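Dear colleague,

Please read the notes with the coordinates open beside them.

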Amino acid sequence: MNNKLRLGVIGAGAVVREIYQHLYFHSDYSGRLQICAVAEPNDEHRNWLGDLAGLPMNRRFATHGEMIAQTELDAVQVNTPDHLHCVPTVEALNAGLDVVVPKPAASTIKDAHQMIQAARKARRFLGIDFHKREDPRIKEAEARFRSGRYGEFQAAVFYMLDKLMVADPNHAPRFFASPDFAEKNTPISFLTVHMADALMRIVNLIPMRVRATGYAHKLTSLRPIALKGFDLVDTELVFETGGTAHILTGWALPNTAWSTTVQSGRLICSDGLLDLGLDTPGLLEIHQEGVVEINPLFRNFGLDERVTGYGISSPGHLYEQIIGRRNHSVSQADLEEKLTPMNLGFYATLVLEGAEKSLADGEQVGRGTTIGPMIDLRKLAVQELGAEVATAYGLG
Ligand SMILES: NC(=O)c1ccc[n+]([C@@H]2O[C@H](COP(=O)([O-])OP(=O)(O)OC[C@H]3O[C@@H](n4cnc5c(N)ncnc54)[C@H](O)[C@@H]3O)[C@@H](O)[C@H]2O)c1
């Protein structure tokens, strides 16, 4: 490897604008990353990142296939929509590149399984950026829970509610929202997977059943552009031990909310309760624009233009693992140990697919509420992957 990891960026939309541009150009990791090429079908997005990275025109591609064939790279980051993670990831792994993907790994377990298999077969690194894994409160909770001090996990309640402006295409300037944002993404794919992943890592359990209730009242009433899609979803998980969780996620909080994302979680166990306090990141601003809680733990901007926080260190640590392996300071065996289905986000995708199936099979009640049936995740895994593969994921 050269001094720097030669990185190709596939997809340069909102997540690159909001998070990864800071990682690439203004973080503690920037010195070790060289953005060598971009693959993006959208001209504006492609040239925005191309200009930022100072890329010549022959390093700006419309497709990942051309980029991989025509550029010397060590790794790619696949920032495409969830259902388009699989093909570029598998093709990059097959071409001998390491791959980083923002959460969720994929929108179906079939895709997630294909990606995991491709990484194992090619003996390359695959990392899924679930930044909450690097949130110090989640990490500490994981270590404390695993020490046994709280006994048996019994139940949990998590919530993660975005301001309406996150999903509302009528809001100027647009945040993550394209006119079809809430049709392409659901609160489950965008938000629930974060909390499900965090919870599953803390308690180290695999979910066996999932059920969802969806509420569609606010987005459908927006004007002039109304959106299809749920404002709020309650996803209920049942683990192999009988432990349960409700994860409430949505994006219809009034824009006067004190934070872009109002979120927290509590775990109730036989010998104690764990309150994650995610709602109190520590910086409260009283200003003529309103009262705003800022989360500098996620992302903070230093006067030296350096951006730090777990939103940056989470993908940064994935790149450190790639660089460590390429410099032989991390062994292949150590790396392969990291390629567990939990680390690779397989179970978060299982929750996502199961919860969306529950809503799709659900019954409409009242005005805009859908109550889904309980989905047996073992059956879903056997149906999608076959009995042998499902068993290998602990779902036989
Ligand atoms: N870490 C986080 O918290 C976080 C936040 C937002 C989004 N995400 C994830 O990041 C991914 C991208 O989300 P986004 O919000 O940036 O979406 P987006 O729609 O804003 O951007 C996706 C980009 O991919 C491009 N694209 C589509 N097909 C492509 C292809 N075949 N090859 C190359 N580029 C292609 C699109 O033109 C677009 O520019 C999703 O998986 C999403 O769930 C993660």
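Arg123 lies in the loop between H5 and strand S6 (126-129), where helices (H or I, at least four residues) and strands (E, at least two) are DSSP runs numbered from the N terminus. This is a predicted model, in which local features need pLDDT of at least 70 and side-chain atom pairs count only at pLDDT 80 or more, while totals for chains, interfaces and linings use all residues. Residues are numbered from 1 along each chain as its sequence is written.

Although Arg123 is not a glycine, it has a positive phi of about 55°. Arg123 is partly exposed, with 13 other C-beta atoms within 10 Å; a residue is buried if 20 or more other C-beta atoms, placed from the backbone, lie within 10 Å of its own, exposed if 12 or fewer, and partly exposed in between. Asn204, in the loop between H8 and S8, is another residue other than glycine with a positive phi, near 55°, and with 12 C-beta neighbours inside 10 Å it counts as exposed.

Helix H8 (residues 187-203), which Asn204 directly follows, has 17 residues and reaches 23 Å from its first C-alpha to its last, close to the 24 Å expected, the expected span being 1.5 Å times one less than the number of residues. H8 bends by about 35° at Val193, the bend being the angle between axes fitted to the seven residues ending there and the seven starting there. Since 17 of the 17 residues of H8 are buried, it is largely enclosed by the rest of the structure.

As for helix packing, the axes of helix H4 (residues 86-94) and helix H5 (residues 109-122) come within 9 Å and cross at roughly 5°, with axes as lines fitted to C-alpha atoms over the stretch in contact and angles running from 0 to 180 degrees between N-to-C directions. That makes H4 roughly parallel to H5 (under 35 degrees is roughly parallel, over 145 roughly antiparallel, 65 to 115 roughly perpendicular and the rest oblique). Helix H11 (residues 346-360) and helix H12 (residues 377-385) pack at an angle of about 100°, with their axes 11 Å apart, which makes H11 roughly perpendicular to H12.

Finally, two peptide bonds deserve a look: the one from Lys103 to Pro104 is cis, with omega near -15°, and the one from Arg223 to Pro224 is cis, with omega near 0°.

Best wishes
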